[in-house]
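Colleague: I am new to this one. Could you show it to me, and then take my questions on its cavities?

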Amino acid sequence: MTIFWHRRDLRASDNRGLAAAAADGDTVPVFVFDDAVLDHAGDARVRFMLDSLAELREAYRERGSDLVVARGDPAELLPALAAAVDAEAVHWNADYSGLAQERDARVEDALADAGVAAETHHDAVLHEPGTIRTNAGEPYSVYTYFWKKWRDREKPDPFPAPDSGDLADGDALAAGELADALAGEFDIDDALRSDLPSIEDLGFGEPEADVQAGGTAAAHDRLESFRDEPVFSYEADREYPARAGSSRLSPHLKFGTIGIRTVYEATEAAMADARERDERTDDDSETEDDELGPAASSVETFQSQLAWREFYAQVLYFNPEVVSQNYKEYEEPIQWRDDPEELAAWKAGETGYPIVDAGMRQLRDEAWMHNRVRMIVASFLTKDLLIDWRAGYDHFREHLADHDTANDTGGWQWAASTGTDAQPYFRIFNPATQGERYDPDAEYIREYVPELRGVDADAIHDWPDLTDEERTELAPDYADPIVDHGERREQALAMYKRARGEE
Ligand code: FAD
């Protein structure tokens with residue numbers, strides 16, 4: 001017998017660790033609700049996770065097996081389960097955050113004490129942290145060079161799902177003998193036969209947001225519909241939040257309801273189609289042979305986003321402290337402002353800057369936000385409100401269904417000019433101009449800010465510059481701007497210059 005411990009890989013197919021466990025012997029799949037992890041979760045993510053787990057358990061049951069679900073400390077539960085099923089090894093897929101690594105080291109020690117082998121696998125990324133380095137052997141801190149090597153490296157193929165024959169029999173697992181052996185320590189009968197815990201049992205509530213569906217089937221549907229058409233115009237559409245031009249695979253990649261190799265394979269097939277499309281539409285014979293046409297270039301841009309995910313995974317792996325500390329060191333600490341009222345207005349989407357408010361309300365309503373708008377709201381918090389990026393990160397962590405420590409700290413530190421490959425401190429987004437450029441017809445803004453539905457796009461983009469009377473007349477229920485962007489921009493520059501020791 002062997003055990004496979006599911007964590008951020010809630011799927012049976014294209015799962016490297018599960019495939020390895022199944023090759024090793026009859027596999028007992030297990031998931032542990034770990035309070036140390038739940039402490040960092042939010043309602044939306046717990047909902048997505050529970051839905052994904054229910055589907056995963058069903059997938060095992062269809063194969064005549066079952067998913068053992070328990071709650072507690074994995075360092076205690078896994079050795080107990082191993083003893084009960086007489087397993088020689090526990091397999092799992094690596095998680096690259098600092099907290100996860102500490103936990104995994106504890107589990108490994110506990111298993112070693114019990115004489116059980118711990119086998120870890122690299123599954124979540126195509127190229128694991130440490131395998132792509134500078135020519136001097138250092139991990140990359142600049143994305144562009146990382147990307148070139150990442151792109152040119154051969155990619156692994158998806159792994160097959162285990163056959164029923166490779167999995168422990170569900171009825172046998174629940175048989176009296178085993179349940180007796182486990183009595184007291186690990187109630188396997190309970191773990192197998194009971195329903196999954198409800199969201200309330202886990203200490204959370206039903207999310208206010210309409211969270212997208214979890215599970216492998218939903219993930220594959222998303223991938224297929226994106227690969228069918230939007231991927232070919234991703235480059236042109238991705239920056240415009242009203243166009244919904246991105247894949248929305250992020251919560252699935254976070255919880256591993258789809259394998260990254262499966263996603264990449266779909267992009268390779270799309271690339272072949274894209275080249276054909278580009279050839280058919282290419283009437284410009286001056287295009288260089290090695291230059292990608294618009295469809296192929298779009299597919300490549302999407303692949304480059306997958307590489308950003310792996311870039312940030314390795315940044316976090318080599319610098320676990322970036323979750324709470326600036327990556328980039330300034331001469332002096334940045335003197336962030338402490339302003340609970342402005343922070344509350346930002347969270348509520350009531351800053352009087354329409355694109356910022358639309359983004360924050362999309363987060364509240366959908367537990368997801370468009371990437372361009374994430375950049376805008378993060379810039380607004382750090383460079384208009386001059387509030388520490390960590391306050392924004394905490395809010396995102398609470399509300400995003402796709403919150404991922406590596407990507408979230410990466411995005412925030414980029415916006416705050418404290419990260420690896422960050423926005424230079426003097427490049428400060430003007431939220432009105434950003435809104436005008438990326439949501440010219442204010443469609444996205446009007447969708448999430450109903451108070452502005454009757455207002456024309458020009459007035460929406462000019463909102464901070466209108467007079468009080470004009471604003472009251474146009475949209476009496478919508479907020480006045482809480483700050484003056486021009487003034488705050490100057491203050492932000494001064495704040496960063498002081499931190500750089502220049503003032
Ligand atoms: P697509 O455009 O379809 O991209 C496909 C996948 O590539 C994404 O699902 C994601 O896994 C990856 N990806 C895309 N853009 C990035 C990026 N800039 N950095 C890293 N990976 C990327 N992404 C998260 O997954 N979790 C987070 O918690 C998170 N927090 C962010 C916070 C801030 C302040 C910013 C600016 C960005 C953050 N991002 C985060 C990155 C990005 O916004 C999301 O990955 C993207 O919007 C998800 O939508 P999608 O799946 O449709 O992306």
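Colleague: Why does the second largest cavity lie between two domains, and which are they?

Modeller: This is a predicted model: local features need pLDDT of at least 70, side-chain atom pairs count only at pLDDT 80 or more, and totals for chains, interfaces and linings use all residues. Residues are numbered from 1 along each chain as its sequence is written, and side-chain values use heavy atoms, without hydrogens and water. A cavity is a set of points on a 1 Å grid over the protein atoms alone where a 1.4 Å probe fits but cannot get out; lining residues have an atom within 4 Å of a point. Both domains (bounds from an automatic or database domain assignment) give residues to this lining, so the cavity lies between domain 2 (216-318) and domain 3 (340-499).

Colleague: Which element gives the most to that lining?

Modeller: Helices are DSSP runs of H or I, at least four residues, numbered from the N terminus. The second largest cavity is lined by 14 residues, with Tyr312, Val315, Thr409, Gly410 and Thr420 nearest its centre. Two or more residues come from each of α14 and α19. The top contributor, with 5 residues, is α19.

Colleague: How much space lies in the largest cavity?

Modeller: Its lining has 25 residues, and Arg8, Tyr96, Ala124, Arg309 and Asp404 are the closest to its centre. At least two lining residues each come from α12 (250-255), α14 (294-318) and α19 (405-415). Volume is the space filled by probe spheres set on the grid points, which are joined across faces, edges and corners. For the largest cavity, that space is about 300 Å³.

Key. On a 1 Å grid over the protein atoms alone, a cavity is a set of points where a 1.4 Å probe fits but cannot get out, and a pocket is an open set with protein on both sides within 12 Å along at least five of seven lines; lining residues have an atom within 4 Å of a point.
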